[in-house]
Amino acid sequence: LLRCKQWYQRRVRGRSSHYGQWIISEERVLEGHERDSKSLSVDDVKKLHIFFANFIQALGETNKLRQQVIATATVYFKRFYILNSFKSIDPFLMSPTCIFLASKVEECGPIPIQRLITVCSSLIKSKFNFAMTNDFLYRPQHVLECEFYLLEMMDCCLIVHQPYRPLTSYAESLGPEVLNTAWHIVNDALRCDVILTHPPYLIALSALHMSSVIHNNENAMKWFSELSISIEKITQVSQQIIQLYELWRGFDEKKEIPGILIRMPRPRMSHSGSLSGSRCSTPSSMR
């Protein structure tokens, strides 16, 4: 484990834009959540992120994409709206755009853009019809234009280090039961802010720690007691994930999301059909 941490510090901290530009403070995340405070509470924004993470997950699964691609798309989405208002670009357009870009970055082959639009429209008419009563009006040119703004905002920093690799590496001695539950916890954690505020190996350790407690795995707890990493850092991440579960448990998506979407600021489409008001912030604004 110590060797894994040292490798992360040398390789990821030394060269990765993920660490250099996209591990940000919790204070900065809160500022992002409060950007639309005139119409949305902080909890409203967190619920929107849960909802659109579910939407991106459904888009990815329907297109038979790997979880790595879905996770990367979700991180892109969160990065964009931590720097920009929901008014800058409609999140119903940003969601398929993130999937489209992530499928190329993760080298699984780009999704045919018309098929992505068709799947998006179909999901909104069926599984997510409580959130949008109108048809999905966006077309391929809108996704391509939105992709340009997303690339510009992220300063072309597209590589996302996910917790899955360290998770499977650490869990070799902990057993499949602990790994399976921890994997689901990591997937759920995409719906909160730990993927923006903490390095992937720490999220992986937190998920394994929570899983070990759930399964009362004494061997795993002994393994954690021998770590060179502070247990306080691990439990700090765990607390944020637990807070997500508490919010999520009381969140009735079908009842609450329609009202939140009505209050959410929306961009206007220009007469030419291009995205109006899409002046997006870049990572330099975080510094």
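The legends below describe close-up views of a predicted model.

**View 1. Helix H4 crosses helix H15 in the predicted model.** Helix H4, spanning residues 42–62, and helix H15, spanning residues 253–263, have axes that come within 10 Å and cross at roughly 115°. Because angles of 65 to 115 degrees count as roughly perpendicular, H4 is described as roughly perpendicular to H15. The crossing of these two helices, H4 and H15, is left-handed. On the H4 side the contact involves Asp 44, Lys 47, Leu 48, Phe 51, Phe 52 and Asn 54, which meet Glu 253, Glu 256, Ile 257, Ile 260, Leu 261 and Arg 263 of H15. Sorted by class, the residues in the contact of H4 with H15 comprise 6 nonpolar, 1 polar and 5 charged.

**View 2. Ala 53 is a buried residue of helix H4.** Ala 53 lies in helix H4, and its relative accessibility of 4% places Ala 53 in the buried class, because buried means under 20%. When neighbours within four places in sequence are left aside, Ala 53 is in contact with Thr 74 and Arg 191. The C-alpha atom of Ala 53 is separated by 9.0 Å from that of Ala 71, a residue 18 positions apart from Ala 53 along the chain.

**View 3. Ser 88 occupies the loop between helices H5 and H6.** The side chain of Ser 88 reaches the backbone oxygen of Ser 85 at 2.7 Å.

**View 4. Lys 64 has a positive phi in the loop between H4 and H5.** Most residues other than glycine have a negative phi. Lys 64, although not a glycine, has a positive phi of about 60°, and this residue, Lys 64, lies in the loop between H4 and H5.

View 5. The relative accessible area of Asn 216 is 61%, so Asn 216 is classed as exposed.

Conventions: Residues are numbered from 1 along each chain as its sequence is written. This is a predicted model: local features need pLDDT of at least 70, side-chain atom pairs count only at pLDDT 80 or more; totals for chains, interfaces and linings use all residues. Side-chain values use heavy atoms; hydrogens and water are left out. Axes are lines fitted to C-alpha atoms, for helices over the stretch in contact, and angles run from 0 to 180 degrees between N-to-C directions. Helices (H or I, at least four residues) and strands (E, at least two) are DSSP runs, numbered from the N terminus. Angles under 35 degrees count as roughly parallel, over 145 as roughly antiparallel, 65 to 115 as roughly perpendicular and the rest as oblique. A crossing is left-handed if the near helix is turned anticlockwise from the far one by less than a right angle, and right-handed if clockwise. Contact means heavy atoms within 4.5 Å. Ala, Val, Leu, Ile, Met, Phe, Trp, Tyr, Cys and Pro count as nonpolar, Asp, Glu, Lys and Arg as charged, and the others, Gly among them, as polar. A polar contact is a pair of N or O atoms within 3.5 Å; within protein, one must be able to donate a hydrogen and the other to accept it, and residues adjacent in sequence count only if both atoms are side-chain atoms. Buried means under 20% relative accessible area, exposed over 50%, partly exposed in between (1.4 Å probe, protein chains only).
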